[in-house]
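The report that follows is written for a reader who wants each term stated together with its cut-offs. Please keep the sequence and the model in view while reading.

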Amino acid sequence: MTKTTGREAMVQLHGRLDRTQAGRLWREVTETLKATTPEHLVLDFRGVTGIDSAGVALLLNLEDRCGQQGIELSHLHLPAAVGPFLGYWREHSSGRPVHEVKPRIDPLSRLGQLVWQYLCEAYAFIQFLGDFLAAGPRQLMHPGGMHLREILYQIQFVGVDAVLLLVTMSLLLGALMVFQGIDLVRTFGQDILIADIVVIAVTREMGPLLTAVILAGRLGGAFAAEIGTMKLNEEIDALTVHNFDITSFLVLPRVFALIVATPLLVMISDAAGIIGGLLTSNLILDMPGLSFLGEAQKALRSCDIYTGLIKGGVFGAFIALIGCFRGLRTSTEPISVGIQTTSAVVTGIFVIIFLDTLLSYIFQLYGC
């Protein structure tokens, strides 16, 4: 019941303020406020027998409504148990979702945090690499403890299943090298020199680099996802409890498999790249296949092949190490698997290019 006298409105409440009663009362009070616009609203609780959470929410919403319209709100005969409860809700709840306010970080602090994060990651990887370097020679000195079946499975997974993709990409790479070198050799009037460009570029750089990038995208992420899922499902913890050496059981077979398989894949990539260059030269430059092969044989040195194979072995080892390291860095959150998988691919490709630059400089110093 609502009574209006001058600029004051009084609402007399009766019964129990629950969800059903609160809706009716809200409509009644809001209609009164729209019709009369009083300066003072009084809620009389004399006839109230009980209040639940819906009633408290109603009172809080009425306070907000009166505050927005500049109306003074007061209570008469408020039950003793409701006052402290209502005060608690005023203090701890605004009726709106709470958004965490993050402190602003200046660019210099953000840069420092990023550098510190990378340093921590580098330190953790050095520790991981130390564990591998300690376990690897020990495993080679005691081959009876090697998981040969796992190594053979990984070689098949790494090598055989990647051959078709690698051959296709290498054929296209050989053709691309011909297209890029046509203008250069025609400047000297020596089309036959295209064979020199193809075989040297493919065997020394492009073959190992293409193989490593394909393996980094295909296997670095696969290793990280596989080991990360094992860690997420607490399988890594179970292996540790059963006294399994994680490095010997999970990391070494994958690293050994890539060290063996990557140079073999590099040789396949080299052969496919040279064949792609030969076919393209025959179609574009009308160069006989025997002439191309004869010039390639004169231009190609054994050192060119060996440097590519050495690069392949080094690339393969680091691809496997980075993939396993990222997998073991997975946290207990499911999203962490995807983050570490992506990081394994990106980090692997960056390390491959860095190692390629470093090894090319070292081989150049020694005349290779």
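## Salt bridges between helices

A salt bridge is counted here when a side-chain nitrogen of Lys or Arg lies within 4 Å of a carboxyl oxygen of Asp or Glu. The model is a predicted one, in which local features need pLDDT of at least 70 and side-chain atom pairs count only at pLDDT 80 or more, while totals for chains, interfaces and linings use all residues. Residues are numbered from 1 along each chain as its sequence is written, and side-chain values use heavy atoms, with hydrogens and water left out.

In the whole structure, 8 salt bridges are found. E121, R326 and R329 are linked in a network of such contacts. R326 belongs to helix α11 (residues 302–328) and E121 to helix α4, so the pair ties together parts that are 205 residues apart in sequence. Helices, labelled H or I and at least four residues long, are taken as DSSP runs and numbered from the N terminus, as are strands, labelled E and at least two residues long. Both R326 and E121 are buried, where buried means under 20% relative accessible area, exposed means over 50%, and partly exposed is in between (1.4 Å probe, protein chains only).

A salt bridge also joins the side chains of K311 and E205, at 2.7 Å from N to O. K311 lies in helix α11 and E205 in helix α7, so this pair ties together parts that are 106 residues apart in sequence. K311 is buried, with a relative accessible area of 2%, whereas E205 counts as partly exposed because its relative accessibility is 24%.

## Helix α10 and its two faces

Which residues of helix α10 are buried? In this helix, which covers residues 289–299, the buried residues are F292, E295, A296 and A299. They cover an arc of only 105° around the axis, and therefore lie on the same side of α10; the arc is that of the directions from the helix axis to the C-beta atoms. The face turned away from this buried side carries the exposed residues L290, Q297 and K298.

Because K298 and E295 are 3 residues apart in α10, they are separated by about one helical turn. K298 counts as exposed, at 67% relative accessibility, while E295 is buried, with a relative accessible area of 13%.

## Backbone features

Helix α7 (residues 194–232) bends by about 60° at V202, the bend at a residue being the angle between axes fitted to the seven residues ending there and the seven starting there. The helix is followed by E234, whose phi is positive, near 65°.

D286 likewise has a positive phi, of about 55°, although it is not a glycine. This residue is placed in the loop between α9 (246–284) and α10, and D286 counts as exposed because its relative accessibility is 64%.

F132 is found in helix α4 (residues 107–141) and counts as buried, at 11% relative accessibility. The C-alpha atoms of F132 and L321 are separated by 8.7 Å, although these residues are 189 residues apart along the chain. S170, placed in helix α6 (residues 163–187), is buried with a relative accessible area of 0%. S170 and A271 are 101 residues apart in sequence and 8.4 Å apart in space, C-alpha to C-alpha.

Where cysteines are concerned, C303 counts as buried at 15% relative accessibility, and C324 is buried with a relative accessible area of 0%. A search of the whole structure finds 0 disulfides, a disulfide being a pair of cysteine sulfur atoms within 2.5 Å.

## A nonpolar surface patch

F350, F354, L358, Y361, I362, L365 and Y366 make a nonpolar surface patch of about 830 Å². Patches are made of residues with over 30% relative accessible area and no salt bridge, with like charges joined within 9 Å and nonpolar side chains (Val, Leu, Ile, Met, Phe, Trp, Tyr) within 5 Å. The accessible areas come from the Shrake-Rupley method with a 1.4 Å probe, and for residues only the protein chains shown count as cover. Y361, one of the patch residues, is placed in helix α12 (residues 335–365) and counts as exposed at 52% relative accessibility.
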